[in-house]
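Open the model in your viewer and keep the sequence panel beside it. The stops below say what to select and what is there.

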Amino acid sequence: MDRDTEQLNLLAIFHYVVAGLAALFSFFPLLYTAVGVIFIFAARHGTAKPGEELPPEFLGWIFAVLGSALFVIGIAKAICILVAGRSLALRNRYSFALVIACDECLFIPFGMILGVFTIVALSRGSIRALFSKTTAQAPG
């Protein structure tokens, strides 16, 4: 195996690992969702002690919607990183892999390191030629 192929295979494996970490970290916003559901339940069914007020229901909805939205965004980002790793392994979707590598730089520290290495690798002409060869050989 030549150096470029080996490097693309390593980058693909590291993309799978970072995708798993991104998926794991995307579960943390579900804590906000749980807090929001508790606030909604307390506002609807709770009884306030004398001199205290229950949390407003809209606050619970803000927490629940924000936590759910962040969870969905995190899972979508993890799937995109996974697909980019598979694209690197198969040497197709060059532009997609490059865009996801740029987006990974926001996922500090692991995504930033991997994103920079991926951008540097994809910028080389020899690796770009590997993607062109694969696209030219594809049927259809």
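Helices here are DSSP runs of H or I with at least four residues, numbered from the N terminus. The model is predicted.

**Stop one: the loop between H3 and H4**

Select Arg93, which sits in the loop between H3 and H4. Arg93 is not a glycine, yet its phi is positive, about 55°. With a relative accessible area of 43%, Arg93 is partly exposed.

Now select Arg91, found in the loop between H3 and H4. Arg91 also has a positive phi, about 60°, although it is not a glycine. Is Arg91 buried or exposed? Its relative accessibility is 10%, so Arg91 counts as buried, the cut-off being under 20%. As background, most residues other than glycine have a negative phi, and most peptide bonds are trans.

**Stop two: the helices on either side**

Colour helix H3, residues 57-90, and helix H4, residues 94-104. At what angle do H3 and H4 pack? The angle is about 135°, and the axes are 9 Å apart. That makes H3 oblique to H4. The crossing of H3 and H4 is left-handed.

To view the contact, show the side chains of Lys77, Cys80, Ile81, Val83, Ala84, Ser87 and Leu88 on H3, then Phe96, Ala97, Ile100, Asp103 and Glu104 on H4. Sorted by class, the contact of H3 with H4 has eight nonpolar residues, one polar and three charged.

**Stop three: aromatic pairs**

How many aromatic pairs does the structure hold? There are six. Begin with Phe25 and Phe107, an edge-to-face pair with 6.0 Å centre to centre and 65° between the planes. This pair links distant parts of the chain: Phe25 lies in helix H1 (residues 3-25) and Phe107 in the loop between H4 and helix H5 (110-123), 82 residues apart. Phe25 is partly exposed at 35% relative accessibility, whereas Phe107 is buried at 18%.

Next, select Phe39 and Phe63, an edge-to-face pair with 5.8 Å centre to centre and 70° between the planes. Phe39 belongs to helix H2 (residues 30-45) and Phe63 to helix H3, and the two are 24 residues apart. Phe39 is partly exposed, with a relative accessible area of 24%; Phe63 is partly exposed too, at 25%.

**Last stop: a cis peptide bond**

Select Pro109, in the loop between H4 and H5. The peptide bond from Ile108 to Pro109 is cis, with omega near 0°.

Note on methods
Residues numbered from 1 in each chain as written. Predicted model: local features only at pLDDT ≥ 70, side-chain atom pairs only at ≥ 80, totals over all residues. Heavy atoms only, no water. Axes fitted to C-alpha atoms, helices over the stretch in contact; angles between N-to-C directions. Parallel < 35°, antiparallel > 145°, perpendicular 65-115°, else oblique. Left-handed = near helix turned anticlockwise from the far one by under 90°. Contact = heavy atoms within 4.5 Å. Nonpolar A, V, L, I, M, F, W, Y, C, P; charged D, E, K, R; others polar. Phe/Tyr/Trp six-rings, centres within 6.5 Å; stacked < 30°, edge-to-face > 60°. Buried < 20%, exposed > 50% of the residue type's maximum accessible area, 1.4 Å probe, protein only.
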